Amino acid sequence: MRRHVIIGRYGPGDRSRFPLGDGEVETRLDLVVGERTLDHGIGRAIGDLSRLGVHPSEIGVDILVLAAHVHAADTRISRASESQDGWTREIRLIVPVSDPDRWTAVAPTFVRMLNFLTGDRWSIAFRARPRRFVRVAPARPARLIGPPFDDLALFSGGLDSLIGAIDALENGRTPLLISHAGEGATSDAQSTIFDTLKTHYRGRAFDRLRLWMAYPDGFVRGSGGENTTRGRSFLFFALGVFAGSGLEGAFTLKVPENGLIAVNVPLDPLRLGALSTRTTHPFYIARWNDALHGLGLNGRIENPYWDRTKGEMVAACANGALLRRLVPSSLSCASPTKGRWQGLGTQHCGYCLPCLIRRAALVAGLHPDPDPTVYTVDDLTARALDTRQSEGVQIRSFQLAIERLRARPALAPILIHKPGPLFDESPARQTALAGVYRRGLEEVGALLAGVRTRPG
């Protein structure tokens, strides 16, 4: 195991020295390319946002800079080689910001948030930017009419974010959609859906902001990359807050996610903690809201679909005909390119956890219409599925979770606390979360009726 520190630098002239801890490995994160342009997609995001008439604040830029440090650590520090237990890494960040005192006051909140999100041990220190970079955000021009956006939402290219966008547009809102341009399949899904929405809602002023941020192999000396990406939603949320900091007045960043995935109760005992993703868990969102308040930002993050299953989201979509048309373009699969080994193109595998929840939701929500998605394993009932192979692992886990809850329905209010604390939620909301967990498993149970599994 090695401890890692990532130190952000504003250009080659930023030579401040920081002592290293015992056995700590330093990685320099250069934030500036050329004379003054921010690197890693941040400068481009500032420019793209400004062209939309939205000018982020200095704190907003700082949030994206912090996210650049987190994303570098999360994707370039290997759990296999850099942790004692094959999972938990020890990561320290030194982040240059516009107002170190304000940031230092909220550092414990961000540490708590990241520890919960990724299962690692984080430490964050903030320092002042070099003098020539005291201001990096564009000046906000004087104007009579502000930007047109009255809605702000994450837009991943998945089914939930598609429903969130349709609902906002059908309700007369003008959303600014926020996307992280990741691997090709995800980016293609985002672009296809967005272009179709622009055609369907022709003349509407909604738009989107996309950020591409990736780090090369070898960025962290002596470490391979890491593909668990438990911290990916930190970058996603940070980009939304960055954009929200430039809107007029208060902003609400909407995170469209069904309640079953938001709580994400582990299907089996081996998936406790960050082994099950916590990307939209209520505890995580609550810590973001604490941090925004501490930073003096007039904004909040909310999940408007926390009390619905994915199937309920599909059934209640404000424009069902448009949703049916766009369902095949949305992307839910955890590994949509794995079919290439069989000579297939990008498509849903049909048996990973998100594919199973998607399939169950579309069967329930589109009824009597069929699910138009192409799946690599199209018929889950055609043969017994091997539980030691990827095609059967998640299915058997769901079967066990469903059987457990059917045998003991009263477990639901207890199990929803397994992924993390829910003490920010009122008793009424906790009861509702237990209900959505039960209903979500029932949806998947209906899909898996007649599906057979066998040990390898």
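Helices (H or I, at least four residues) and strands (E, at least two) are DSSP runs here, numbered from the N terminus.

## About the model

This is a predicted model, in which local features need pLDDT of at least 70 and side-chain atom pairs count only at pLDDT 80 or more, while totals for chains, interfaces and linings use all residues. Residues are numbered from 1 along each chain as its sequence is written, and side-chain values use heavy atoms, with hydrogens and water left out.

Let's start with the backbone. Most residues other than glycine have a negative phi, and most peptide bonds are trans. The bond from His367 to Pro368 is cis, with omega near 10°. Pro368 sits in the loop between H12 and strand S12 (385–386).

His40 lies in the loop between strand S4 (37–38) and helix H1 (42–51), and Asn264 in the loop between H8 and H9. His40 counts as buried (under 20% relative accessible area; exposed is over 50%, partly exposed in between, with a 1.4 Å probe and protein chains only), at 15% relative accessibility. Asn264 is buried too, with a relative accessible area of 11%.

## Cysteines and Gly350

How many disulfides are there? The count is zero, where a disulfide is a pair of cysteine sulfur atoms within 2.5 Å. Cys349 is in no disulfide, and its nearest cysteine sulfur, that of Cys352, is 3.7 Å away. For Cys352, the closest cysteine sulfur is in Cys355, at 3.6 Å, which is too far for a bond. Cys349 is buried, with a relative accessible area of 2%, and so is Cys352, with 8%.

Gly350 belongs to the loop between helix H11 (320–326) and H12, and is buried with a relative accessible area of 0%. Leaving aside neighbours within four places in sequence, Gly350 is in contact (heavy atoms within 4.5 Å) with Cys355, Leu356, Arg359, Tyr375, Val377 and Leu380. Of these, Tyr375 is 25 residues away in sequence, yet its C-alpha is 5.0 Å from that of Gly350.

## Helix H15

Helix H15 (residues 427–448) has 22 residues and spans 32 Å from first C-alpha to last. That is close to the expected 32 Å, a figure defined as 1.5 Å times one less than the number of residues. After the helix comes Gly450, with a positive phi near 90°.

An α-helix has 3.6 residues a turn, so residues three or four places apart point the same way. Among the buried residues of H15 are Leu433, Val436, Tyr437, Gly440, Leu441, Val444 and Leu448. Which elements do the buried residues of H15 pack against? They meet helices H8 (259–263), H9 (282–295), H10 (310–316), H12 (353–366), H13 (390–407) and H14 (412–415).

## The second largest pocket

On a 1 Å grid over the protein atoms alone, a pocket is an open set of points with protein on both sides within 12 Å along at least five of seven lines, and lining residues have an atom within 4 Å of a point. The second largest pocket has a volume of about 290 Å³, taken as the space filled by probe spheres set on the points, which are joined across faces, edges and corners. It has 17 lining residues, and those closest to its centre are Ile285, Arg300, Ile301, Glu425 and Arg429.

H9, strand S11 (299–302) and H15 each give two or more residues to this lining, with H9 giving the most, at five. By class, the lining has eight nonpolar, three polar and six charged residues. Here Ala, Val, Leu, Ile, Met, Phe, Trp, Tyr, Cys and Pro count as nonpolar, Asp, Glu, Lys and Arg as charged, and the others, Gly among them, as polar.

Methods:
1 Å grid on protein atoms, 1.4 Å probe; cavity = no way out; pocket = protein on both sides within 12 Å on 5 of 7 lines; lining within 4 Å.
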